[in-house]
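Take a moment to look over the sequence and the fold together. We will start with the whole chain and then visit some of its parts.

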Amino acid sequence: MKGENKNLTQATPFLPEPARIVRTYYLTEDIKFFQVRIVDMKKALSFNYCPGQFAMISVLGAGEAPFSISSTPSRPGLLEFCIRKAGTVTNALFRMKENNLIGLRGPYGNGFPVERMINKDVLIIVGGLGVAPLRSVLLYCLDNRDQFRRVSLLHGAKKPTEMIFREEFFALKQREDLECHLSVDEDDTGTWTDKIGVVTTLFSLLKEIDPSNTYALVCGPPIMYKFVIKELVNLTIPKDQILMTLERRMKCGVGKCGHCAIDYIYTCLDGPVFTYWDVIHMRELI
Ligand SMILES: Cc1cc2nc3c(=O)[nH]c(=O)nc-3n(C[C@H](O)[C@H](O)[C@H](O)COP(=O)(O)OP(=O)(O)OC[C@H]3O[C@@H](n4cnc5c(N)ncnc54)[C@H](O)[C@@H]3O)c2cc1C
Ligand code: FES
């Protein structure tokens, strides 16, 4: 599914829209949550996006960078992001406070094909900051729960303090319409109550899978893909139903600058969501 970049700035694709930081707080030592609202209320309410799409966020004098939208389109008006402190733009963002203004343009990219997932099982596998785009699709499935069959989440982090949205996911474990398994590689706090081990150890906890009717969605650190995909292939989930979001360095986000190109693929337009079938022969991508 192609992203529809017709929301804010189709006529002037590089012009950011002013947006106000409504809430911001630390999720982990180096990752912050940002809830923002486009200042123009009409545009805020009509910002139409699909889970898995991203926005370009800018800070005056620092530049701009792409970030996955972590909120769900089923709750319009506010946009949420989880951002790791990495360089110029993110350092500037970390210095900003509630009520400060940022620039925002988008949404960009293709996003997850949620219409194709209707009446199917959805299995979400997340590692670390991979939660950023997958929280959007998880909340979307939960808000439209009757449209999907089984919804399962396997979420891994290195340590309890590094599990992004830890409280939110522990609360979700109480839901009967979601199979939610959480793991940490190591528990340095002695307080962890769920599984210890890498995220792939959680596969053994899953109830029986119906592979031909399952869409598996994966996002996490590069090393995770190899092992998770091996599990999914062993479960005989079709390769075109294994979806992953892949990040490449981007500048324009709209297919003009070529920064994100790999062969004939522009990851800002053709991605960031790819099927395993799309990338199986592209060693560079995973
Ligand atoms: C589709 C998409 C979605 C994303 N979603 C998120 C998200 O939800 N949350 C999040 O935290 N991040 C996300 N990112 C990553 C984020 O865009 C980058 O971390 C971005 O570079 C941060 O900008 P910066 O100016 O703070 O860092 P930069 O100043 O760009 O530096 C980031 C790192 O890249 C290195 N670097 C700088 N220039 C280059 C170069 N030319 N080649 C190679 N390395 C270089 C720097 O040394 C540094 O280690 C996403 C990226 C993409 C493409
Ligand atoms: S980021 Fe410019 S072409 Fe993709």
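How much accessible surface does the chain have, and what share of it belongs to carbon and sulfur atoms? The surface comes to about 13500 Å². Of this, 51% belongs to carbon and sulfur atoms. Keep in mind that this is a predicted model.

Now the overall form. The chain has 286 residues, and a compact globule of that length would have a radius of gyration near 19 Å. The chain has 18 Å, so the value agrees with the rule. Along its principal axes, the C-alpha trace spans about 50 × 45 × 35 Å. The chain holds 7 helices and 15 strands. Of its 286 residues, 53% count as buried.

Next, look at who meets whom. Take the contacts between residues at least 6 apart in sequence. Of these, 70% join residues at least 24 apart. The chain has 35 positive and 32 negative charges.

Let us move to one helix. Helix H2 covers residues 88-95. Its buried residues are Val89, Thr90, Ala92, Leu93 and Phe94. What covers them? The cover includes six strands that you can trace one by one: E1 (17-28), E2 (31-38), E3 (54-59), E4, E5 and E6 (101-108).

Ser70 sits in the loop between E4 (63-68) and E5 (79-84). Is Ser70 buried or exposed? Its relative accessibility is 0%, and because buried means under 20%, Ser70 counts as buried. A polar atom of its side chain lies 2.7 Å from the backbone oxygen of Ala132. Ala132 is also on the list of residues in contact with Ser70, once neighbours within four places in sequence are left aside.

The loop between H2 and E6 holds Asn99. Asn99 is not a glycine, yet its phi is positive, near 85°. Its relative accessibility is 53%, so Asn99 counts as exposed, the cut-off being over 50%. Thr236 is not a glycine either, and its phi is positive at about 65°. Its place is in the loop between helix H5 (222-234) and strand E12 (242-245). Thr236 is exposed too, with a relative accessible area of 52%.

Now turn to the peptide bonds. Which residues does a cis peptide bond with omega of about 0° join? They are Gly106 and Pro107. Pro107 is in strand E6. At 0% relative accessibility, Pro107 counts as buried. Pro107 and His281 are 174 residues apart in sequence. In space, their C-alpha atoms are 28 Å apart.

Another cis peptide bond joins Gly271 and Pro272, with omega of about 10°. Pro272 is in the loop between H6 and E15. This loop gives us two elements to explore, one on each side.

Start with the helix. H6 spans residues 267-270 and contains Cys268. Cys268 is buried, with a relative accessible area of 1%. Which residues does Cys268 touch, not counting those up to four places away in sequence? They are Phe54, Tyr108, Gly109, Met250, Gly253, Val254, Gly255 and Cys260. Now find Arg248, which is 20 residues from Cys268 along the chain. The C-alpha atoms of this pair are separated by 8.2 Å.

Then take the strand. E15 runs over residues 273-275 and includes Thr275. Thr275 has a relative accessibility of 11%, so Thr275 counts as buried. Leaving out residues up to four places away in sequence, Thr275 touches Lys239, Asp240, Ile242, Leu243 and Met244. Find these residues in the structure, and you have reached the end of the walk.

Key. Residues are numbered from 1 along each chain as its sequence is written. Chains are lettered from A and ligands numbered from 1 in the order in which they are written. This is a predicted model: local features need pLDDT of at least 70, side-chain atom pairs count only at pLDDT 80 or more; totals for chains, interfaces and linings use all residues. Side-chain values use heavy atoms; hydrogens and water are left out. Helices (H or I, at least four residues) and strands (E, at least two) are DSSP runs, numbered from the N terminus. Buried means under 20% relative accessible area, exposed over 50%, partly exposed in between (1.4 Å probe, protein chains only). A polar contact is a pair of N or O atoms within 3.5 Å; within protein, one must be able to donate a hydrogen and the other to accept it, and residues adjacent in sequence count only if both atoms are side-chain atoms. Contact means heavy atoms within 4.5 Å. The radius of gyration is taken over C-alpha atoms; the globule rule is 2.2 Å times the number of residues to the power 0.38. Accessible areas come from the Shrake-Rupley method with a 1.4 Å probe; for residues, only the protein chains shown count as cover. Lys and Arg count as positive and Asp and Glu as negative; His and the chain ends are not counted. The place of a charge is taken as NZ of Lys, CZ of Arg, CG of Asp or CD of Glu.
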